Amino acid sequence: MWSRTPLPLFCLQFLLGQARLQRDPLPAVPDLEGDLLFLLDSSGSVSYYEFSRVKEFIADLLRPFTFGPQDVQAGVVHISTMPMLEFPFDRHHSSGAIQQAVRSIQQVMGDTNTGKALSFAKEKLLTAEAGARADVPKVLVWVTDGFTTDEVSKPMQALKDMGVTVFIVSTGRGNYLELSAAASQPPEKHLHFVDVDDLTIITKELRDAIADVIQAKRLRATDVSSSSFRLVWPQLLTRNTGYYILEYAPTGEPRRKQTRQLSGDHTSVLVGKLAPHTTYEVALVPESNERYIPPQTTRVTTLEETISPAQVLISESRPHSIRVSWSPTPDSVSAYQVLYGPLPGNSVKLVEVKGNLNSTTLGHLRANTTYLVTVSAIYKSGKEKALSAKACTLEENSKIKHLRFEDLSPSTVKASWDAAGGDVLGYRIRCQRQAGPSTLLSVSPQVHSVLLSDLAAGTTNKVCVKPVYRNLSGKGLCQLVRMQPASATRTYSHRPRERASQH
């Protein structure tokens, strides 16, 4: 039951101030023009409380924007078993309508098929039929709990190849490497990990980053890396009305200026083969045969060169193989060399992997052995960088096969089995009697049979044999042994008899 004790005056004043702060309109963000698509995790992996908090976060994020055909447009797609469009870009053209539409969203539930939702966004939503505009920046904001059930990287890359800037907000424990690869670069600007109750902490930062992307009528850079960036600008020309001259050079070094000519239907271009951690002065000059269009300029600083490998991971360890992964994989690496050999020892093998791959499987290894694995990056410049890790293969094991029994007397049988594979330390035999106590026996690896006595006439008893290994549990085999009734007469010929198996 709620307490009826009145709040102290200073607490009441604070709460009233907070409520007033939330109702007051934020200053409008001027001169924005872009299409914002929110990919909203509406699956069953998200609780009702988390979903409601995310809706409030999106509504608050959009409060200062001006909406309309010449300003900002927003759409929402649900991530579920099948993607569902909540509303397209051209549905709501006022801040009030957007606020009401976002807060009225109902959770769909179902599976978390994010890849399907991304493909849906590319094929159905980012089109003129859905209200998307060809000449404005596109921004995708993916809000996730960190869990997805299908492939994300390929459909996400297809969107980024179209010039879409991707921001990711993860409220769960998503894989950092996977999410940082999915987000636009650099990840520290486009990827946020935050508890669902602390979403307000990142609201302004994310809003400012989005606004920076959709500033209207300006040349801007996206997907900045250590060796490249993508330039995006509004459509100023057509193929029939002119062309562009693109010029760029490191600041203060005009002699290193590069010049490219682009057809008039371009609105973006990838600029590569750049020096890391360098500021470039960029000018885009529209050459129109109809009217004068002033040049557009910007300044872009490339990132510091990514050192690879910065991390080496060992996974999928088996008795005779392991999987080796590394990250990151910058464009400046031409190939990776993987050296591996057992410890201790001088035997080393080499595997070479293409520079755009980040993993390989090493096979034909010895079971239960420690290997030293060294991944070396061979850069296009000729430099090399290496990082090592230890990997242990699993112990080889197998299961018991062909468990047999021989009647030696009315109360005694002999259990025999074939030897198990691998480095067996011994065998454990358990006899669960229908009448009487159970028996647990241990024998050496050379012994492949035991005598089981004191089995009551007419009873059904369960016998299990399991191999024992140093680090792993072997796979046993169980069979039922039915003893003859006491009244039955029988000649014991010591012939083996098979029993129905029960694993």
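**Close-up views of a sheet and a helix pair**

**View 1. Four strands side by side.** In this predicted model, an open sheet is built from 4 strands, and reading across them gives the order E17-E16-E19-E20. The pairing is antiparallel. Which strands sit at the edges? They are E17 (349-354) and E20 (384-392), and each of these pairs on one side only. Going from one strand to the next, the twist averages 20 degrees.

**View 2. Zooming in on E16 and E19.** Here we look at strand E16, residues 333-342, next to strand E19, residues 370-379. The two run antiparallel, and 9 bridges join them.

**View 3. Two helices crossing.** Now for helix H4 (residues 114-125) and helix H5 (residues 153-161), whose axes come within 8 Å. At what angle do they cross? The crossing is at roughly 25 degrees. Angles under 35 degrees count as roughly parallel, so H4 is roughly parallel to H5. The crossing of this pair is left-handed.

**View 4. Where H4 meets H5.** This close-up picks out the residues that make the contact between the helices. H4 brings Gly115, Leu118, Ser119 and Lys122. From H5 come Pro155, Met156, Ala158 and Leu159. What classes of residue are these? Sorted that way, the contact of H4 with H5 has 5 nonpolar, 2 polar and 1 charged residues.

Conventions: Residues numbered from 1 in each chain as written. Predicted model: local features only at pLDDT ≥ 70, side-chain atom pairs only at ≥ 80, totals over all residues. Heavy atoms only, no water. Axes fitted to C-alpha atoms, helices over the stretch in contact; angles between N-to-C directions. Parallel < 35°, antiparallel > 145°, perpendicular 65-115°, else oblique. Left-handed = near helix turned anticlockwise from the far one by under 90°. Contact = heavy atoms within 4.5 Å. Nonpolar A, V, L, I, M, F, W, Y, C, P; charged D, E, K, R; others polar. Pairing = 2+ DSSP bridges.
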